[in-house]
Amino acid sequence: MNEFFQTLKTQRWDDHRYYHHSRINQSLHLISALSFLVSYGLVFVNPAWAALLAWCVSMTTRQAGHFFFEPRGYDHVNQATDEHKEEIKVGYNIRRKIILLAVWVALPAVLWVFPSLGGLIEPATDTRGFIEDVGMAWFCLGVTGLVFRVVQLWITQNLMQGLAWGFKIITDPFHDVLLYWKSPLYLLRGQLIDPMEHVHAPRPGLHG
């Protein structure tokens, strides 16, 4: 268990110091985390609507922070190029995220053209039913994306890395609230980039 928690700690630390320099990105992660926590509670009541909230609010705010606000040039804090960070990233780098988001966008169109998915589900008869079918499709996509990457890390690296990353992703909303709750205050003070003064000794590691 010590190895698991050390791996988790390393992944979380590297994820923060490498990929969350922008205060806007951090603030959007706070919004995303709070939304995810609501969807976590909702999943026990209605998984489809939980997935709709998670994908349409939580994921869009989170990924918008990375795509539009996070600096993509040379990382002077950690002395690493963006290309190097993308190459060694344990989780979903930009290329993998684009593929995942493309599938997310395509699923409603697939359900519109094939409402029964070839007989796999009961086709929706009204708008609400269609929306809930989309939600369940997105719920399955989220679970599949998580499990797929865990298995992929197990094969390419080791099981510990995969399990630690999977646990990190599930618990990130709780961790992000603790980590970034002050970020909007820094934004109000005009600080757009976290100076990362707490990062003293950059070291190569595993990135979540």
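Predicted model: local features only at pLDDT ≥ 70, side-chain atom pairs only at ≥ 80, totals over all residues.
1. Packing of helix 5 and helix 6. Two packed helices are described by the angle between their axes and the distance between the axes. For helix 5 (residues 94-113) and helix 6 (residues 127-156), the axes come within 10 Å and cross at roughly 150°. Angles over 145 degrees count as roughly antiparallel, and helix 5 and helix 6 are therefore roughly antiparallel to each other. The crossing of helix 5 with helix 6 is right-handed.

2. Residues in that contact. Which residues of helix 5 meet helix 6? On the side of helix 5 they are R96, L100, V103, W104, L107, P108, L111 and W112. Their counterparts in helix 6 are F130, D133, V134, A137, W138, L141 and R149.

3. A residue within helix 5. L100 belongs to helix 5. Is L100 buried or exposed? Its relative accessibility is 16%, and L100 therefore counts as buried, since the cut-off for buried is under 20%. When neighbours within four places in sequence are left aside, L100 is in contact with W55, Y92 and L141.

4. Packing of helix 2 and helix 3. The axes of helix 2 (residues 23-42) and helix 3 (residues 47-69) come within 8 Å, and they cross at roughly 170°. By the angle criterion, helix 2 and helix 3 are therefore roughly antiparallel to each other. The residues of the contact between helix 2 and helix 3 divide into 16 nonpolar, nine polar and one charged.

5. How many disulfides does the model contain? The count comes to zero. A disulfide requires a pair of cysteine sulfur atoms within 2.5 Å. The cysteine sulfur closest to that of C56 is in C140, at 15 Å, which is too far for a bond. Seen from C140, the closest cysteine sulfur is in C56, again 15 Å away and too far for a bond.

6. Accessibility of the two cysteines. C56 has a relative accessibility of 40% and therefore counts as partly exposed. C140, at 42% relative accessibility, also counts as partly exposed.

Conventions: Residues numbered from 1 in each chain as written. Heavy atoms only, no water. Axes fitted to C-alpha atoms, helices over the stretch in contact; angles between N-to-C directions. Helix = DSSP H or I, 4+ residues; strand = E, 2+ residues; numbered from the N terminus. Parallel < 35°, antiparallel > 145°, perpendicular 65-115°, else oblique. Left-handed = near helix turned anticlockwise from the far one by under 90°. Contact = heavy atoms within 4.5 Å. Buried < 20%, exposed > 50% of the residue type's maximum accessible area, 1.4 Å probe, protein only. Nonpolar A, V, L, I, M, F, W, Y, C, P; charged D, E, K, R; others polar.
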